[in-house]
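Hello,

Here is the structure I said I would pass on.

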Amino acid sequence: MTKLIVDGTEVDVPAEYTLLQACEVAGAEIPRFCFHERLSIAGNCRMCLVELKGAPKPVASCAYAVKDCRPGPNGEPPEILTRSGTTKKAREGVMEFLLINHPLDCPICDQGGHCDLQDQAMAYGVDSTRYGENKRAVEEKYIGPLVRTAMNRCIHCTRCVRFLAEVAGVPDLGAIGRGEDMEITSYLESAMGSELQGNVADLCPVGALVHKPQSYEVRPWELSKTESIDVMDAVGCAIRVDARGREVMQIEPRVNEDINEEWISDKTRHAVDGLRAQRLDRPYLRENGRLRPASWGEAFAAIAARMKSADPKRVGAIVGDLTAVEEIYALKTLMGSLGVTNLDCRQAGEAIDPAWGRAAYTFNPTIPGIEEADAILLVGTNPRLEASLLNVRIRKRWRMAPLAVGLIGEAADLTYPHTYLGAGPETLADIAAGKHSFAEVLKSASRPLVIVGTGALTRPDGAAILSSAAALAKDIGAVTAEWNGFAVLQTAAARVGALDLGFVPGEGSLGFGRMGEPGALDVLFNLGADEVEIGAGAFVIYQGTHGDRGATRADVILPGAAYTEKNATFVNLEGRVQTTNRAGFPPGDAREDWAILRALSDVLGKRLPFDSLGALRRDLYAAYPHLAALDAITTSDVAATVDTLAGLGGEPGRPAFVSAVPDFYLTNAIARASRVLAECSSLAQTRGLEAAE
Amino acid sequence: MANRRLAPASEQPASFAFSPENAEWAKGQIEKYPEGRQASAVIPLLWKAQEQNGGWLPQKAIEAVAAELGMPHIRVLEVATFYTMFALEPVGRFWIQLCGTVPCDSCGARELKGYLQERLGAPGHVSADGNFSWLEVECLGACCNAPMAQINQDYYEDLTPELLGKLMDDLAAGRPVKIGSQVGRTSSEPMGGADTLSDETLFDGSRVGAWRKRFEDQAAKSDDAVGKSEAVSSEQRAASDPKPAKPDSGRAVEEPPTDAPAQLNASGETPVKPGDKADAADPKESTAQPNKPAPSAPETIAEAEAAGAEAGTQSDLPRDEPPPQPVASGASADESSPKPTEPKTPSANAKEI
């Protein structure tokens, strides 16, 4: 620790701190543009200049280390002045230079109202200009469908360049030319290839990079902001939903150090327009082969008529990928009271049984825990597409210190160097048998991590693969008293919650695959499952938000609420319990899902024992106490579960693994309704084809 | 320096690959750097690619270098656009890079530029015969022989438009030319010959160090004169440009007052109108010091200003005119204060103070 005097206050900070950090510890505010605590230090905006006693000139505090300061002549601690005349003059000078070429666009600039330059010019600038020359003009650049450029406004902080190169790992942006003619662009104006590119617009301290889909549509002060949770993948990123009236206008990241730090993927951010399109806003009833709008009463009556005559053994219930814990609980309770045991939530057909223990389907080391791993084996997964922010964490770990990553499955660009080991289960067997050189790497690692993707589990031999992966994890010492190195990477936001509730078929009942077969059931209650084929014969009740695949096959449609329209609980892939908050109401006649099920239960004569969300949650928490611990992960006995899994045995098949997410941008009904994501998807496919050539 | 872009697609070759000997050379360059630092060889490789491609870098060469070094394309493009030594568009058989930085500029680079502009047209274009193209670049490090230009790999120094024209003619015709200084001196030795060791005036203080005495003499001689002339000029500036540090661009224009005493004085008019003086003389109209009997206003202003100016301060007495602009330091009493309209008696001043 080193002593420093900042504006007369003495502070004691670690020697490796920068002056900027030391000043913040002392409570002094330092303006900055290029500095960002999650990116490397560039030191090129000069806004953070402070006066360091003894230094001939003001120093850039973001790039000056505390340990580089010299003590005073009599050994006094180094002294920094952040409010002195020199500092003020330096800031005013820098601001004047920054504004020389910055257009006076503020009234028409999308950044207006949340612009760092605007705010800091107010706080640290001068009120007039002395610059009489023409301003610089810069050509606009195309850098992708999600980020619009207004390059006249660029102040060359290079945050976007550093983000893509360091965090996203897709170095597509750069600064060409030099001096006054420096320009930020992608190579020959090709689209950025990162699934995190929206973050560059968040990082831009001025209005040079703004979100293209929301161009000229929103002003920050007219939005109501709701803190919530993302459900586009199982990571459960912290988001802020900005709504105007009842319409969600944009989704921005929130800081959650344990999950997404402060980034979100493009799917999370730009699924917004999918919340407006293709919505189910009233009940529908199929008559003579065609769906017609109906009232809630008619819809419920039609369901009651079918249910009355149905044998509970010929009734099934399935839940999809975006379903919250509350409605799964309500559906499970309702089905239980009807005597129905044909329940399933494993839409993709994963070979996972909650009876094996919670550690069999969660990401046990947790996302921050990745930073402690020193060797990672990926089995049948492409984390970049299945859990982008988790992949960012792996990349962050790789940047911290050398990390051995092995991949079994589809060859992919993971944004960090890795060893491609093979395509299928036999490679896994080779490693387990020690025949592969990577086995040595795993064995010698002190904290090895085996990540099994759902792509490896959604196949007939899924259980055998899970078992052999668990056996390997046990063998290499991945599960010890202080390290949980066995992880299953879920891809659906609803899955862990549904498995926690045990929404799987009872003894001798039908699972997902069997329920979808033609003639297997008389009535099927489909709660938001869109990625499933349902055979002819069954009377399908679909409760969901979008007119997607599930609704097309339905006989009765009950319109529900999307994740931004309800207070709902989701359990992320780590087993962390989080809740969304309502940012607006569902459209038209649509209602919150648990309330629909409660109303339906009344019509079916099996009234559910709760009349409010609070009452539902009381029941839920009583039955599943770990769900009451919000934002926390309830620990489970990983070692016992891994032992159980390793003991399952079974013979893995031959076919190669395929990723659970073939198209990153179109994984669920909301994303498929989004025009923006459709464009991203087609662009990604074109790029994939070009790369294949 | 203007925006640097790749050449239009119509001029780009369809492919680029290093020739076998250049590929071998490139391998040697890459091997200079430790494992993982191969990107350090980007400049030599680009340089070689440019040489192989007739003096300019096509898109495919940038991509080939990127592939060779395992760098993203944009990183190589950044380097290629940063340095003017990499030509991104086709150049003539002789590519003239004319230095336009200060030492060359003050030694006549501007005439050379004018000459090239006249003979070859705008920079960056290849002449009709394909022989020449030119570009103004920043310092090439031969300032002692300014002005200079680099033509292909060689420096040509001490140029004049005539010498440059002759040089270009010779190059175009394939005649041998002299590299380096075009006026006959060897490398950068003094223009008058190699006399550094033999010239005694360099060591007796008559040449080296003589400048100091010159400045001292000048300073001593002109102390008063400079003070006076500065005061005069600042007075004039204050009159014509009353707010030099606060320009009004970007906001509502505020007309400067046109009847400030300093302005009136500068334009040769009476600073204070007799009528105003009469008004101000009325004790009933005076708002200042209501308890004391107001002294006669005209005298007060005139005398107090004169006194204030002598004491180096501004008058703080009430006045019915806008105050004169602050005067830059160095102004003496005579110039800075408006001429009193009435005769004053210094002794009376002293008494009042």
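Predicted model: local features only at pLDDT ≥ 70, side-chain atom pairs only at ≥ 80, totals over all residues.

Overall form. Chain A contains 21 helices and 26 strands. Its C-alpha trace spans about 90 × 60 × 55 Å along the principal axes.

Inside and surface. Of the 693 residues in chain A, 59% count as buried, that is, under 20% relative accessible area. Among contacts with a separation of 6 or more, 70% are between residues 24 or more positions apart.

Charges. There are 71 positive and 90 negative side chains in chain A. The centres of these two sets are 2 Å apart.

One sheet. Chain A has an open sheet of 5 strands with mixed pairing, in the order 2-1-5-3-4. Which strands stand at the edges? They are strand 2 (9-13) and strand 4 (59-60) of chain A; each has a single partner strand, so one side of each has no neighbour in the sheet. Further in, strand 3 (residues 49-52) pairs with strand 5 (residues 79-81) of chain A in the antiparallel sense, over 2 bridges. To find this pairing in the viewer, look for A:Glu51, whose bridge partner in strand 5 is A:Leu81.

Regards

Key
Residues numbered from 1 in each chain as written. Chains lettered and ligands numbered in written order. Heavy atoms only, no water. Helix = DSSP H or I, 4+ residues; strand = E, 2+ residues; numbered from the N terminus. Buried < 20%, exposed > 50% of the residue type's maximum accessible area, 1.4 Å probe, protein only. Contact = heavy atoms within 4.5 Å. Lys, Arg positive; Asp, Glu negative; His and termini not counted. Charge placed at Lys NZ, Arg CZ, Asp CG, Glu CD. Pairing = 2+ DSSP bridges.
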